[in-house]
Amino acid sequence: MLSKTWQKIVVGAATISSLVVGIAKVEAGQGYKLPFHPEDTPIQVTQSGVDSIDGTNYLHDGDTSGAGELQQYAIDFGCGVNNYDIIAIMDGNVVQKVTNDAWKGNFIRIQHANGRISLYAHLKDPSPVEGFVKQGQVIGQCGNTGHSKGTHLHLELQKSDSELTDRDRYLQQKLGNRPSDRKTTPIYFDECDNNSSCKDGQVYYDKSYKSQNILRQYPHPGGYGIYYWNGSGWTGSGGDAVRIAVAPDGKAWVVNGLDGAIFKWMGNGWQHIPGCAKDIGIGANGSTWVIDCHPTLGGYGIEYWNGSGWTAVGGGAVGIAVAPDGKPWVVNNLDGAIFKWMGNGWQHLPGCANDIGIGANGSTWVIGCN
């Protein structure tokens, strides 16, 4: 009998995140996540005031004006040529967003329940988020704006008001008393010895990367690993998801379980598609439909991809599949009712279902209710 094994690999341009902190098992349990999504591949840290690269006593970028001392514990993540998605390291409220700052470029600051403030600088574009953000929510992309020598994320965890010293306040006043110039504090992520003993959300040292000062987060916060059949076994693509559909060109679209984010496989990495989904379906003609994240009668709203965004058609459902002609069939959560899109409305079909699937030849199957 042919033996088949599961294999997870990292694919070049699909890489996203890992951090370098160099100090293990110190203040573990603060609850901060790594700032990249997906979070299962390594990214090099180029500067950190709490790691073995620069030591604990240094000035960020060698700045002696006072800014370097305030930013002592800032961490720089090199992104190469990739505009990786940046996520909030903890729940919080947006307290400041600035566009095209001379030094920090496009940046955002988020205040957390513990009073501390995380700052994410040099973002590719101004952050689109407002108000309350959840841990793991995408807040922007890695960029090269402001005083920057290459695409990277500058991350700070700034002190709460009660933690500021007289010197901290003096340096902030010296620099013009800007809110964004605030004394930093070390960021320690939840750590464990290896991935076999890690719990959800913890960070571990990958032994093969330890000399490069890289940490990884385990397991996949967005669901489960994604794989394709290579003819004799399964090959991982990186990333994580809970729902998947495959387009006629063989490229997958997925939905993750962290925030309903939608991604499209580009052959060498995942492209983030705007919107939020609970389920996704693609027809043989390429028509792409989702069950969105907006609660409504019967489940959640139903939308189709128009080439640049999502168009709602009315109705509510929890499961979807798309026929070869591009018209979806859906299942709602009221009584398992089944509906077929007719182009200008929904036709109610007999029967009851919990899930539905349609083949490229139009064969339609359901998981029933009995």
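**Reading the disulfides**

Analyst: In this predicted model, the count comes to 2 disulfides, where a disulfide is taken as a pair of cysteine sulfur atoms within 2.5 Å.

User: Which residue does C276 join in a disulfide?

Analyst: The general idea is to look at the distance between the sulfur atoms, with 2.5 Å as the cut-off. In this structure C276 is joined to C293, with an S to S distance of 1.9 Å. The two cysteines belong to distant parts of the chain, since C276 sits in the loop between β20 (270-273) and β21 (277-282), while C293 sits in strand β22 (residues 288-296), 17 residues apart.

User: Is the disulfide of C276 and C293 left-handed or right-handed?

Analyst: Here one reads the torsion about the S-S bond, which for C276 and C293 is about -80°, so this disulfide is left-handed.

User: And how are C352 and C369 connected?

Analyst: C352 and C369 form a disulfide in which the sulfur atoms lie 1.9 Å apart. The torsion about the S-S bond of this pair is about -85°, so the disulfide is left-handed. Because C352 lies in the loop between β28 (346-349) and β29 (355-358), and C369 in the segment after β30 (364-367), the pair ties together parts that are 17 residues apart in sequence.

User: Are C276 and C369 buried, partly exposed or exposed?

Analyst: The reading rests on relative accessible area, where buried means under 20% and exposed means over 50%, with partly exposed in between. C276 has a value of 29% and is therefore partly exposed, and C369, at 40%, is partly exposed.

Terms used. Residues are numbered from 1 along each chain as its sequence is written. This is a predicted model: local features need pLDDT of at least 70, side-chain atom pairs count only at pLDDT 80 or more; totals for chains, interfaces and linings use all residues. Side-chain values use heavy atoms; hydrogens and water are left out. Helices (H or I, at least four residues) and strands (E, at least two) are DSSP runs, numbered from the N terminus. Buried means under 20% relative accessible area, exposed over 50%, partly exposed in between (1.4 Å probe, protein chains only).
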